[in-house]
Amino acid sequence: MPRLIIDEREIEVPEGTKVIDAAQRLGIVIPRFCYHEALGSVGACRMCAVKFLQGPFKGVQMSCMVDARDGMVVSTTDEEAVQFRQRVIELLMMNHPLDCPVCDEGGQCLLQDETVSGGHARRRFPGPKRTYRDQYLGPYIKHEMNRCIHCYRCSRFYQEFCGYRDLGPLQIGSRMYFGRFSDGPLESPFSGNLVDICPTGVYTDKTARFKLRRWDLQRAPSVCNQCSLGCATVANGHYRGVMRIEARFNRDVNGYFLCDAGRFGFSYANGGQGRRERPLLPRIAGVSASAPSALASAREALENISQKYGPRAIAAAGSNRSSLESQAMLALICKTRDWRGPVFFFDPSERGKTVAAVQELSSDIAVSMREIEKADLVIVAGADPLNEAPMCALAIRQAARKNAPIVTIDSRPLFLPCEFTHFPVAPEKIEHYLAMLVWKAVEKVAENPGKDAEMFCRQLGALSLESAPPEAMAAFSELLLASKRPVIICGTDVTRESTPSFAAGCARLLKCAQKEAGLFFLLPGAGSFGSALLSGTQSQTFGDLVEDIEKGVVRALVVSECDPFHYYPDHARLERAVSKLEQLIAIDYFPSETVERASIFYPASTVFETGSTYINQEGRLRFAQPVHCGGAPISPGEHPPRVYSGLVPGGDHLPAWKALCQIASMPREDGVPAPEKFIPSVLPAFSGLGAGPIYPVDGPRLLSPGPGFTSQWSQRGEEAGEGAPDFELLLVEWMFGTSEFAAWSDSLDAAVCEPHMSINTKDAARAGLSDGDRVSVELDGGAFEIAVSVSERTAEKVLVVPRHQLLDWQKIKGFPVRILAGKIRKI
Amino acid sequence: MLPDELKVKLREVIAAAESPREKAIDVMFEIQELQGWMSDQAMVEAAELLGMTPLELEELATFYDYIYRSPVGKYVIKVCDSTVCWLEGRRRVVDYIASRLAIPMGGTSADGLFTLLPVCCIGYCDRAPAMVINKRVFGNLTPEKIDRILSQLAKNADFSGSE
Amino acid sequence: MPDYPRVLFKNRKPDRVATLDEYRESGGYQALEKFIGGAISPKEVIRLVSEAGLLGRGGAGFPSGMKWGAVADSSPFPRYLVANADEMEPGTFKDRVLLHADPHCVIEGMILAAYSFSATKAFFFVRPSYESSARILERELENARKAGFLGDRILGTDFSFDIVVHRSGGRYICGEASALLNAIMGKRPNPVKPPPYPTEKGLWGKPTVVNNVETLANVPHILRNGPEWFKSLSAVSHGTGTKIYGISGKVRRPGAVELPMGTKLSEIIDVHCEGMAPGSTFKACLPGGASTRFMTAERYDIPMDFESLKKIGNRLGTAAIMVFDHKTCLVGATLNLMEFFARESCGWCTPCREGLIYMRDLLWRIENGEGKEEYIPNLRMLCKEVWNSYCALAPGAAEPVISLLDFFEDEVRQHISEKGCPFHATADH
């Protein structure tokens, strides 16, 4: 551990720490442009010059390029170093346009800050400024090359960190240009980070362009709720609208970055045009009403039903996108008021898998994304990281960059932005392949691993022998045997119900084999972990409620932040069931079909208007602070607003849980119950966290030390054998176009592609289909039309179809879906 | 579209390399030999042969001095503008060629035969002033010598060779 | 004219390239046959070359034996050798003359160098304007292959090695060793700062040695005749071997001459170049290429070797001597050099990418009558500041400017006070 002195203060830092980072530990932020912790040092901008007074180096050196060493004495304030840094600013400002007044970066521009703090105010250079032609980079990123200071952050992030290959450094010398081969949208779904990473305004957020000044914004730490990772964000509110999302650093979760779905998928909160207009006013029987009257009539209606039919005639449903507060309140209401539910899941298998994953994940094997980056081998089993949890794909890439082999076992034609080997297998074979891969590494597990481990190991051994491994597998078995920090990433979307437990068993066995093995689950949504915890003991899903409605035992349905019409697999049946209800009470911020049909509707506030908690897929608490009060956004024509009023239309929304609390007449001690009190009452794991207004700080993990090997896996069901229908239809997530957020956010429209159905090459040949054909797929509830994408990388005997907003897949009638070849017709 | 024979040849060139990218310059030189410059279409096709994206090839093409991303004449006359040639009168050489071909520096003659460009030191300082035409070097330039070279090139459209 | 032993230019013909047979007749490939046949171990090759005190001829003057020795015994295979024939610094052309004189001398040197650290493949990195050299090399490499000096199991031994010609797209920065390696791998030729050194992680992450052409050409002679002989070739006791000096500019007979290391500048110009060009008086020269400092008539008798030039704060560099006469405007010459460096900057770091443009602009204004007094201290500061660049290109570019201001400040001031170039009427340029 080298000890050095920086600006007369001593510090000891780990071996390999750069002087620039050592200084930062002392609170001395040395100016920099090219250096970025995630990208490393390249010494291009020369801005971080400091003077080395003693030690192995002397004189002015770049602090990002020098490892801290014993005996170094460094001055950041030495005149020579300061003068040189001022010159660097002068050199960069030779060409930088003074368009700060109209630059979206203004006020949050590193170059601006350094120019001001460096004291550069007068341009000495008598020559002209160079200019460039900008490129069209797609709907999200505005290119403004004249502002470029050539720090190479963009190309290094884009190519090295993310692995995409369509943006880079062009030309030479002072003509250096950063751009694409030709105009066109950036291919990387992580392109939005260019906005954050560029130290000046070359890349700005088009969705926020010319709408705001940084110093006018209401900013708060928030959390992305679009997938189960719960990435840290900063949400920016202005004029009652959400204007922009930025990535917020979180070491364990997303690091410095964010995916484009998370960054640009916020506009639902502002509402859109026509059918996407956010419902801001409460409604009773379709007629606008005041908030107190809507809540009061809901309360009365429910009380009436409870008196007439008993409390069990009221059922409650939440979803995987609800906050933990809402979920817990629903659970508490059902407990105290004896309502039916709450249900959070639509597909029983998804419920089973999510619950199993949550039960299996224990602190001894759970890893964070940061630990995935450090893995020396990554196995992706039944997961599609790029589509289900995009930032996870970036974490995998970081492992691959350090030469970790990446193996994927999945039915989908996966893509990852790094080198990886894909084994396309049907869902029922995923465990078998995983067993073949893992067996060699675990067959001689450490002595005395315990009875359960031995039993699991025996079963695994038997499963690995079910068929001969493919040729390419052997090499990976060897690599896994030699690995020290392997990580298994398992999903819940296309896997069998037993697979999460099986993957956990594999991770535990690898642990028994003296490896620092890790396990990482991908879950269906931001609220999935909470849903699983709260519905752990009851196996009901929404389908059971539909039956209860049909039978007439359920007369009222309360849905909170949930749109059954989006998820329930039989649209027509749901329509009939809903029409039988006496009351459908909906609390939501989306203008969903359920909201349309509700007898009483209460407009809930969004995560940006409410403090919300989520538990991400690794059991980590993620807390989003409220950003602004919300309400009808001021449209551009009214900018700047001329009338300020205390009464903001739609600005008095309650979060769903508070509305629920009122309509269920929940007892309150003083005013509104506090989440830190009522959440522990349904989730005992929370009791240890202590009280406080914002009880979960950013990060603790709520996991038990480890249940050991569970017997869940051996209870797996029988697979359909001979004579099974030809195809299994797998409904899957896409990064853009399948989520409810995408459906209601016009800001994401530009990223949504036409849906297509993936099919294996051999299957396609048998069915007489070729790439690009359009087919009609006949389902039990009707047919949909879709383009076909043929690939050897898709497993045989499956049809992979996205739950796409342009596809009315809600005709499948039930889960799972098996289809005969004859039901697919070329059109 | 690149001719098929050329593609066959380029694939051979690439196959001989330690890694395909190593041959990026050779591939672009071969294409320029045939087409004079690297059109967008040629860039896309060359990149595909090299297992690169067009952007990755563009990163190289725009870096180097001898790769042309705009159309050039059949003969690219690059007159050395570095120190020794400057000392030995490269200005007069440029002026002479420019007036003889009636083109400015950077221009291409009306018949599409000649493009006039500056180039940094070509390593023939002992024979300054010097110029390089399609990789062939001519030194100790005088108006008479330039006349001879240019008229021979104009006559002999099928030009190739080495010093 | 004094009669010095000719080593590298022994087979130089006035009108053509020496053939393989001619090279063999002059003793060529003897070292190879003798040593690779098992008479000498690779370590011994390194020892002999180190003992001979062979310094790199590419400009930096790094001991060659030490560079080869830096490839650790335990380091992985394959290992690569690169012959750097990029030679793109203004004034430098010696390697071309050498390749056109006696290519096999370089080829044999490469085989021996490769043998010393067990390289199996070499790249001959050639700039586009040396296409003729590339073709000569390709022809002669094939001849060497046919004679069994290259390819699998050279001369029946266990040693296999081959050389390919790699054509550059043409940029000065490619001559910088780490940028050159990027160029060969088909990456953008930006320099990369060590560690790791190329000898540890070079081409495709494998050990790689980059040597200058002239350096390599010396190797067979050292091994054939011994270190003592090599040392005795030098005119000065602190130097070794001969040196190819490339003289250009205002001398009567410019060209490349091989002379003992440390031959005096006066002798080089007066004797070997037959004096200054008619009507020209010596004003100054750049002694070692564009990135060295102007040397005035005061130093006319200086021995031209690494040590002697270092002592006066200058560098031998590539020993490319550019001679300027009394009619030459040195502001104009410096501006021309700066045009070159600014255009050839790879654009990686700020001081080089922007700083050289800045200097070029100030020099242009001084030369063209727009100069101001305040430009002089600003230029001095910039010269100092570009030393904090990423690689040596910009510090090299600053060298002529520093010396212009040190030795010819009056001339610079005259430009400013007269609002124009006082040489315009008389100069050629």
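Analyst: In chain B, 47% of the 163 residues are buried. Buried means that 20 or more other C-beta atoms, placed from the backbone, lie within 10 Å of the residue's own; exposed means 12 or fewer, and partly exposed is in between. The model is predicted: local features need pLDDT of at least 70, side-chain atom pairs count only at pLDDT 80 or more, and totals for chains, interfaces and linings use all residues. Residues are numbered from 1 along each chain as its sequence is written, while chains are lettered from A and ligands numbered from 1 in the order in which they are written.

Next, overall size. The C-alpha trace of chain B spans about 45 × 30 × 25 Å along its principal axes.

Now the fold. Chain B holds seven helices and four strands. Both are DSSP runs numbered from the N terminus: helices are H or I with at least four residues, strands are E with at least two. Read from the N terminus, the order is α-α-α-α-β-α-α-β-β-β-α. Of the contacts in chain B with a separation of 6 or more, 57% join residues 24 or more positions apart. A contact requires the C-beta atoms of two residues, placed from the backbone, to lie within 7 Å.

What does chain B touch? Its partner here is chain C: 36 residues of chain B are in contact with 44 residues of chain C. On the chain B side, α2 (24-35), α4 (54-61) and α5 (83-87) each supply at least two residues. By class, that side has 19 nonpolar, six polar and 11 charged residues. Nonpolar covers Ala, Val, Leu, Ile, Met, Phe, Trp, Tyr, Cys and Pro; charged covers Asp, Glu, Lys and Arg; the others, Gly among them, are polar.

Chain C also meets chain A. There, 23 residues of chain A are in contact with 24 residues of chain C. Helix α2 (residues 79-93) of chain A gives the most to the chain A side, with five residues. The class count on that side is 15 nonpolar, five polar and three charged residues.
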